[in-house]
Amino acid sequence: MTEHGTTAIEPTSENIRDWLQGRVAHYIDEPKDAVDAKAPLADYGLDSVYAFALCGDIEDTLGVTIEPTLIWDVENLVDLTDRILELVAEQPQR
């Protein structure tokens with residue numbers, strides 16, 4: 001558990017992408033299978049409130065801080081996963 005009470009995940013590409021698909025599915029109120037990791041994020045109609053919430057979820061779960069603009073700067077969840085992995089790698093080892 002992290003300090004915010006959410007469960008941390010092992011920061012692998014597959015785990016992060018799967019987790020992100022679940023979070024986006026939650027926000028758009030659709031089954032996780034309906035979220036294609038390679039589809040443009042804009043296709044899901046996430047507004048700025050959800051972008052901020054997703055950034056908070058990422059920080060709570062993975063311990064990295066991202067700016068909400070990153071959500072709009074990446075093409076899809078695959079690209080977002082790659083960027084998150086870069087940020088995780090840059091974190092000092094605990």
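This report describes the fold, the core and selected residues of a predicted model of a protein chain.

## Overall fold

The secondary structure of the protein chain consists of four helices and zero strands. Read from the N terminus, the order of elements is α-α-α-α. The radius of gyration is 12 Å, close to the 12 Å that the globule rule gives for 94 residues, so the protein chain is as compact as a globular protein of that length.

Along its principal axes, the C-alpha trace spans about 35 × 25 × 25 Å. Of the 94 residues, 36% count as buried. Among contacts with a separation of 6 or more, 56% come from residues 24 or more positions apart.

## The nonpolar core

In soluble globular proteins, nonpolar side chains tend to be buried together. The largest nonpolar core of this model has 27 residues. Those with the most contacts inside this core are Leu 20, Ile 58, Ile 71, Leu 77, Leu 80 and Ile 84. Helix 1, helix 2, helix 3 and helix 4 are the elements that give two or more residues to the core. Helix 1 gives the most, with six residues.

Ile 84 illustrates how parts of the chain meet in this region. Leaving aside neighbours within four places in sequence, Ile 84 is in contact with Ile 16, Leu 20, Ile 58, Leu 62 and Val 64. Two of the residues named here, Leu 20 and Ile 58, are also among those with the most contacts inside the core.

## Helix 2

Helix 2 covers residues 48-62. At 1.5 Å a residue, its 15 residues should span 21 Å, and the end C-alpha atoms are 21 Å apart, which agrees. The buried residues of helix 2 are Ala 51, Leu 54, Cys 55, Asp 57, Ile 58, Asp 60, Thr 61 and Leu 62. These buried residues pack against helix 1, helix 3 and helix 4. Just after helix 2, Gly 63 takes a positive phi of about 75 degrees.

Asp 57 belongs to helix 2. Its relative accessibility is 17%, and because the limit for a buried residue is under 20%, Asp 57 counts as buried. Not counting residues up to four places away in sequence, Asp 57 touches Trp 19, Arg 23 and Tyr 27.

## The start of helix 2

Asp 47 is located in the loop between helix 1 and helix 2. With a relative accessibility of 37%, Asp 47 counts as partly exposed. Asp 47 caps the N-terminal end of helix 2, where a side-chain oxygen lies 3.1 Å from the backbone nitrogen of Val 49. A polar atom of the Asp 47 side chain also lies 3.0 Å from the backbone nitrogen of Tyr 50. The C-alpha atoms of Asp 47 and Trp 72 are separated by 10.0 Å, although these residues are 25 residues apart along the chain.

Ser 48 is found in helix 2. This residue counts as partly exposed, at 42% relative accessibility. Ser 48 and Ile 71 are 23 residues apart along the chain, and their C-alpha atoms are separated by 9.3 Å.

## Helix 4

Helix 4 covers residues 77-90. Its 14 residues should span 20 Å at 1.5 Å a residue, and the end C-alpha atoms are 20 Å apart, which agrees. Leu 77, Leu 80, Thr 81, Ile 84, Leu 87 and Val 88 are buried in helix 4. Seen down the helix axis, the buried residues fall within an arc of 125 degrees, so they line one face of helix 4. The face turned away from this buried side carries the exposed residues Ala 89 and Glu 90.

The cover over the buried residues of helix 4 includes helix 1 (13-28), helix 2 (48-62) and helix 3 (69-73). At the N-terminal end, helix 4 is capped by Asn 76, with a side-chain oxygen 3.0 Å from the backbone nitrogen of Val 78.

## An exposed loop residue

Asp 29 lies in the loop between helix 1 and helix 2. At 69% relative accessibility, Asp 29 counts as exposed, because exposed means over 50%. Its phi is near 55 degrees, a positive value in a residue other than glycine.

Terms used. Residues are numbered from 1 along each chain as its sequence is written. This is a predicted model: local features need pLDDT of at least 70, side-chain atom pairs count only at pLDDT 80 or more; totals for chains, interfaces and linings use all residues. Side-chain values use heavy atoms; hydrogens and water are left out. The expected span of a helix is 1.5 Å times one less than its number of residues. Buried means under 20% relative accessible area, exposed over 50%, partly exposed in between (1.4 Å probe, protein chains only). The arc is that of the directions from the helix axis to the C-beta atoms. Contact means heavy atoms within 4.5 Å. A polar contact is a pair of N or O atoms within 3.5 Å; within protein, one must be able to donate a hydrogen and the other to accept it, and residues adjacent in sequence count only if both atoms are side-chain atoms. A nonpolar core is a set of buried Ala, Val, Leu, Ile, Met, Phe, Trp, Tyr and Cys residues joined through side-chain atoms within 4.5 Å. The radius of gyration is taken over C-alpha atoms; the globule rule is 2.2 Å times the number of residues to the power 0.38.
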